[in-house]
Amino acid sequence: MSGWTRLEGLAAPLPANDIDTDVIFPARYLLLLEKQGLGRYLFHGHRFGRDGSPLADFVLNRPPYDRARFLVAGANFGCGSSREHAVWALADFGIGCVIARGFGEIFAANCARNGVLALRLEDDAHAHAMAAARAGETFAVDLAARTLACGDILVPFDIDTRVRRALMQGLDEIGFTEADDMTDIARFEDQRKDRLPWLFQDIVP
Amino acid sequence: MGGSTLYDKVWAGHVVKRDDDGSCLLYVDRHLVQEVSSPQAFAGLIARGRRVRRPEAHLAVADHAVPTSGRDRPLPDGLAARQVARLEENAARFGIPYIPLRDARHGIVHVIGPERGFTLPGITLVCGDSHTCTHGAFGAIAFGIGSSECEMVLATQCLRQMPQRRMRVLLHGRPGPGVAVKDLVLALIARIGVGGAVGHAVEFAGAAVAAMSMDARMTLCNMTIEAGARIGMIAPDDTTFAYLEGRPMAPRGALWERALDHWRGLPSDPGAVFDREVSLDAGTLAPYVTWGTTPEEAAPVTAHIPDPAAEPDPDRRARMRRSLAYMDLRPGTALQDVAIDRVFIGSCTNGRLEDLRAAAAVVAGRHVDSRVQAMVVPGSAAVRAAAEAEGLDRVFRDAGFAWREAGCSMCVAMNDDRLAPGERCASTSNRNFEGRQGAGGRTHLMSPAMAAAASLTGHLTDVRELAR
Ligand code: SF4
């Protein structure tokens, strides 16, 4: 996965709290074995009717929001299940940044690993972003500058250094750990084996 | 002078490396692998030619997508069969212990981990499943992770994590008759909200917790994620040790004694400081049921459906309106007047032996209402066998329940067990999200005894009234 520094586009307003990952990606599509091409199942129960036809009043079906690169939601977005499919589906649909008043923690961790910025904004900044999304203003996020522009207003934000680096460089975290930490891990494991040998017994479940 | 919490102690024991920003490379002792979240993780390993660092530290089982009937036959062709087969192939390819579907040890990951003694005090345990917090009942740091993190654990046996803030939930008093741990935890979530514990590792303590069985403690920790916390823990004590002794993967002999020594040092020090404390008196609670589409939208069964118009916060008001519309419920209706179509007793929250006993005690000698379809899905094959040895299967069958094989079943509706659109279910599972039990299905969460009571009357029912 390649990294990014700037992302620009429209923001779809989804002004609800506690949008859970079952709503973002219904469980029945979890039977798929791939992580590509999941965008078509995003918000499936809200985007499509029982017969599979798109529901005109759902924001992501409504031009120009069908091309949105941002999503602006309420509090606790992505709570519930750990399914990374929720993030894969958002990314595949074209969403690179979700703005909310807070996130489910596993969802936020999954975002960072898939090039999606989970951006937490509070109070006025959040209210402003929601209003700008509704007004169809262009959003632009700059990870290097740590700013979000919604229309002509610039909102600075805080971001975890590690998450920012992961997004900007598109790091392979495993590769990185393999390069830097394997001796430490092996040493730790040896000490652990001495101190807590029952965790290293070869026993059958 | 303060002291360390249970969480601090277990955390400190697993730090391989600490970075300047406070994040740590944390060693993972054990990893449970299931069919839904693992295929993409294994595919990642295969694509880059990576191996699994310690195959014996993982345990694989298919639980989400599996059917709960007709297990003597091969799985019908289709996506579920393909997903289970993929897990089997991956386990074989990487040398990871795998428990097959027809095995006596099969069951939901969070039920069999403790049963096998795979779950132990003081360890770190992860799984690509948010209810991994269940295992915290043993004094482990156990949390759900995404597929990419599963891949990281398979390859390196580590995860990079920031330490959580600490929160203690004190449960005082003794719950009255007909009030179960599920009621306590629904009352707690109703109080603090579904985002109420985000960012925290929660420790449950207090007299009510000390008096709880391991089955009850697991129900409690299981629901921590429904309050937003990835981690819920309970200090290990004699109840924990009695549960674990003799389990297949638990230490034995001299190692058992050594392990006990270690485990006895884990509970929070008396002076340990928590970033946040919440307390709840279990003695004053009525049985709880949910009326909305988040676990915090719960109320005592004796209450009426709340009126969004009376909610001052506009976001909450909008949320309530959305929930009531989805649930097809009107403000002011007595909860006990809400009629149900289905009853589901099972899941990693309430699919253990004590849960089945509690439900069986309510239905014994009575019959499920003619308008209701009811099923019991034990959490594991071992729970099922133990229940059958006590004759619980007879009790349920005689009352008109279907008695199924173990699995997640109608908790997540990834197999054929699901609600039809518009159907309303009394469920002992953990999530009442829109569509969770089937597209358009409506879920009311409650305890096993309460679900059993609803099955008999055909509507939400105060099990305490039924007893009289
Ligand atoms: S029983 Fe439900 S909550 Fe538990 S692991 Fe299965 S699907 Fe998840």
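Helices (H or I, at least four residues) and strands (E, at least two) are DSSP runs, numbered from the N terminus. The model is predicted: local features need pLDDT of at least 70, side-chain atom pairs count only at pLDDT 80 or more, and totals for chains, interfaces and linings use all residues. Residues are numbered from 1 along each chain as its sequence is written, chains are lettered from A and ligands numbered from 1 in the order in which they are written, and side-chain values use heavy atoms, with hydrogens and water left out.

Start with two backbone details in chain A. The peptide bond from A:Pro63 to A:Pro64 is cis, and its omega is near 5°. A:Pro64 belongs to the loop between H2 and strand S2 (70-73) of chain A. A:Asp123 has a positive phi, near 40°, although the residue is not glycine. A:Asp123 is part of helix H5 (residues 123-134) of chain A.

Now turn to chain B. Its secondary structure comprises 17 helices and 19 strands. The C-alpha trace of chain B spans about 60 × 55 × 45 Å along its principal axes.

Next, the empty space. Rolling a probe the size of a water molecule over the atoms shows where such space is left. On a 1 Å grid over the protein atoms alone, a cavity is a set of points where a 1.4 Å probe fits but cannot get out; a pocket is an open set with protein on both sides within 12 Å along at least five of seven lines; lining residues have an atom within 4 Å of a point. Grid points are joined across faces, edges and corners, and a volume is the space filled by probe spheres set on the points.

The whole structure has five cavities of 30 Å³ or more. The largest cavity holds about 220 Å³. It is lined by 23 residues, and A:Ser81, B:Gln34, B:His64, B:Asp129 and B:Arg436 are the closest to its centre. That lining has seven nonpolar, twelve polar and four charged residues. Here Ala, Val, Leu, Ile, Met, Phe, Trp, Tyr, Cys and Pro count as nonpolar, Asp, Glu, Lys and Arg as charged, and the others, Gly among them, as polar.

The ligand sits in this largest cavity, meaning that more than half of its atoms lie within 2 Å of the grid points. The residues around the ligand (a heavy atom within 4 Å) include B:His64, B:His110, B:Asp129, B:His131, B:Cys348 and B:Arg436. This shell has five nonpolar, five polar and two charged residues. Domain 1 (6-163 + 237-261) and domain 3 (288-466) of chain B both give residues to the shell, so the ligand lies between them. The domain bounds come from an automatic or database domain assignment.

The second largest cavity has a volume of about 80 Å³. Among its lining residues are A:Cys79, A:Phe107, B:Val194 and B:Ile225.

Last comes an open site. The second largest pocket holds about 520 Å³. Of its 25 lining residues, A:Arg28, A:Gly45, B:Gly435, B:Ala439 and B:Gly440 lie nearest its centre. H2(A) gives the largest share of the lining, three residues.
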